Amino acid sequence: MPLEILKDPEYLVALFPPGNVAAELQALKRPLLGRLDAAKPLPFPCAAGLAWFERPPEDPGRLEELAAGAPRLYDRYRILGGILYLGAEDSGDGPPTLRGSPLLRPAAWAGFPLVRLPEASEGAPDPTLGLPPPPRVAFRTFLAFLLRIRRGNPWYSAQTWEAVQAVRYPLRRKTRA
């Protein structure tokens, strides 16, 4: 059966951490896949989604605004829409996202998606029991990208992403002498 990629792209503003942090997050995924029975990897970059859009934002400052409000400390597990995230304490609901179920895509503002959990049955124990404590991942500088995402059907079967716009945070502006 051929892989079905949906034609209409969606746009995601995502935070990409420094390389050493990305390596730490990738290293965290391996034992999680081994310990969580039937957990599956995600076709998603090592990035934390900040906001989904149906089309690229028209305001050129929107990317900088989302980057400035992004959490810089991720230190707790969070489960949303069947996905285990490394999330931030103060992430709350974050900015508005596309309408629709979080099952259709990784939730914006939830943190770094780690693994897709198996369907939970009624009365099943908390899947995070017995996991190593979440690492404390903090950074001061990062890249925020506006990505054009095309996904498979279902979304976790495949995904392609292409950078459309980028900004380095903290913003660095040249000053005239």
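## Close-up views of a predicted protein chain

**Figure 1. The whole chain, element by element.** Going along the sequence, the protein chain runs β-α-β-α-β-β-β-β-β-β-β. That gives 2 helices and 9 strands, where helices (H or I, at least four residues) and strands (E, at least two) are DSSP runs numbered from the N terminus. This is a predicted model, so local features need pLDDT of at least 70, side-chain atom pairs count only at pLDDT 80 or more, and totals for chains, interfaces and linings use all residues. Residues are numbered from 1 along each chain as its sequence is written, and side-chain values use heavy atoms, with hydrogens and water left out. Of the 177 residues in the protein chain, 43% are buried; buried means under 20% relative accessible area, exposed over 50%, and partly exposed in between (1.4 Å probe, protein chains only). Take the contacts (heavy atoms within 4.5 Å) between residues at least 6 apart in sequence: 78% of them join residues at least 24 apart.

**Figure 2. How confident is the predictor?** The score here is pLDDT, the predictor's confidence in each residue, from 0 to 100. Its mean over the protein chain is 80, and 78% of the residues reach 70 or more. Residues 94–104 fall below 50, and this stretch has 21 contacts in the model beyond near neighbours in sequence.

**Figure 3. Inside the largest nonpolar core.** A nonpolar core is a set of buried Ala, Val, Leu, Ile, Met, Phe, Trp, Tyr and Cys residues joined through side-chain atoms within 4.5 Å. The largest one has 37 residues, and those touching the most other members are Leu15, Leu32, Leu36, Tyr74, Leu84, Phe139 and Phe142. Among the elements that give two or more residues to this core are β1 (10–16), α2 (62–68) and β9 (159–169). Helix α1 gives the largest share, 5 residues. There is also a second, separate core of 16 residues, including Ala14, Leu42, Ile83 and Leu147.

**Figure 4. Zooming in on tyrosine 74.** Which residues does tyrosine 74 touch, not counting those up to four places away in sequence? The list is Leu15, Ala48, Leu86, Gly87, Ala88, Gly111, Phe112, Pro135, Arg136, Val137 and Phe139.

Figure 5. Strands of a sheet pair through backbone hydrogen bonds, either parallel or antiparallel. This sheet has 3 strands in the order β4-β5-β6, with antiparallel pairing; two strands pair if DSSP finds at least two bridges between them. At the edges sit β4 (76–80) and β6, each pairing on one side only. Neighbouring strands are turned by 30° against each other on average, direction ignored. Between β4 and β5 there are 5 bridges, and tyrosine 77 has leucine 86 in β5 as its bridge partner. Helix α1 packs on the sheet, touching β4, β5 and β6, and its direction makes about 20° with that of β6. For such angles, axes are lines fitted to C-alpha atoms, for helices over the stretch in contact, and angles run from 0 to 180 degrees between N-to-C directions.

**Figure 6. Two glutamates to look at.** Glutamate 10 belongs to strand β1 and counts as buried because its relative accessibility is 11%. Its side chain makes a polar contact of 3.3 Å with that of arginine 151; a polar contact is a pair of N or O atoms within 3.5 Å, and within protein one must be able to donate a hydrogen and the other to accept it, while residues adjacent in sequence count only if both atoms are side-chain atoms. Glutamate 64 lies in helix α2 and is partly exposed, at 22% relative accessible area. Glutamate 64 and valine 167 are 103 residues apart in sequence, yet 6.8 Å apart in space, C-alpha to C-alpha.
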